[in-house]
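The stops below go from strand to sheet to helix.

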Amino acid sequence: MRATQPGVIPLAHLSYAAVEAMDYETSGKLALIRTNDQLVAEVRILDMEYWKEVEAPEPAESAIALIFPDTHDLNDPELLKITRALHKLKGEGGFSWDVIISHGGVRFRIYSNHGWLDEPESDAMTNDRLDTLIEAFDGPRPEGSGPMFSLDDAEEADDQWRLALQEELEGTPPTATPATGSLQMGSIRDTIIVWAVGKPGADNIEVGQAFVPPSYPPDRTRIDAALTLLAKRVGEPDGVHALACAAYLAWWCGYSRLATHLYFRAKSTRFKSRLADLVWTALQQGIVPPWWKSEDEEEDRPPRE
């Protein structure tokens, strides 16, 4: 089954439905999905440890076993055992499950008699880079939101973030450690985003100054530096805001799969983020950043990284 196969519900949409049914807690889960008449007829969620309860599917337009593994190793013995067992289940008329790995709800690999088949890259990010970043942003759910970050410390935190970003960009030994909880401040999140999408001389906004989104393509090295630092905040009290900022930067670059994954991760923290919700709305409605004029004009699409 391919995500672009005519007359079939896109694989990404089925995966999103499964992620929502899991309430965004996907690690170590199995989603059994049946479709008829281009509609989802059934979604059944199991912990992977109960995979032996799965029976051969009844005839349907499609029957998909989506595996959300708790490992990034495709050669993990337990994962291979489950995958092969599900693949061999045959129902009436030889009807069987399409067994598909869904890493992070967005990175798909289809199992066949010849092994794993990658879904084509559907956005500006390579599959290898997507794999790396899904793993980088993996981590525990924050145990709490922590104490409110003091407004009195905002200016110092702003300087810390700007220095940390610049050091990451230049590859110099880090001397700045941004304060814990500082991403709770909207102004700090703005600092990171403006720096990442900007360029030298145009990567900062003064107090009271409105942010005007640039009309030029992003510098991917700046985006990568910001993503690297934000990934280190996963599991921290302000982790939801790190995930939301990263989702925005991914959307800005045309990395729709990564942006979707980071939105899922933000939802999984159980903390609210207006920025994450805005990114999801933009993705669902096909809203693109100002520098990307039209999704229909090939020359304006984000280049492959």
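Select Ile-110 together with Leu-117, its bridge partner in E6; strand E5 (residues 107-112) and strand E6 (residues 115-118) run antiparallel and are joined by 4 bridges. Between E5 and E6, which form a hairpin, lie 2 residues. Helices (H or I, at least four residues) and strands (E, at least two) are DSSP runs numbered from the N terminus, and two strands pair if DSSP finds at least two bridges between them.

This is a predicted model, in which local features need pLDDT of at least 70 and side-chain atom pairs count only at pLDDT 80 or more, while totals for chains, interfaces and linings use all residues. Residues are numbered from 1 along each chain as its sequence is written, and side-chain values use heavy atoms, with hydrogens and water left out.

Finally, select helix H5 (residues 186-197), which has 12 residues. Of these 12 residues, 9 are buried (under 20% relative accessible area, with a 1.4 Å probe and protein chains only), including Ile-188, Arg-189 and Trp-195. Which helices do the buried residues of H5 pack against? They pack against helix H4 (154-170), helix H6 (220-231), helix H7 (239-253) and helix H9 (274-285), where contact means heavy atoms within 4.5 Å.

How values were computed:
Expected span 1.5 Å × (residues − 1). Buried < 20%, exposed > 50% of the residue type's maximum accessible area, 1.4 Å probe, protein only.
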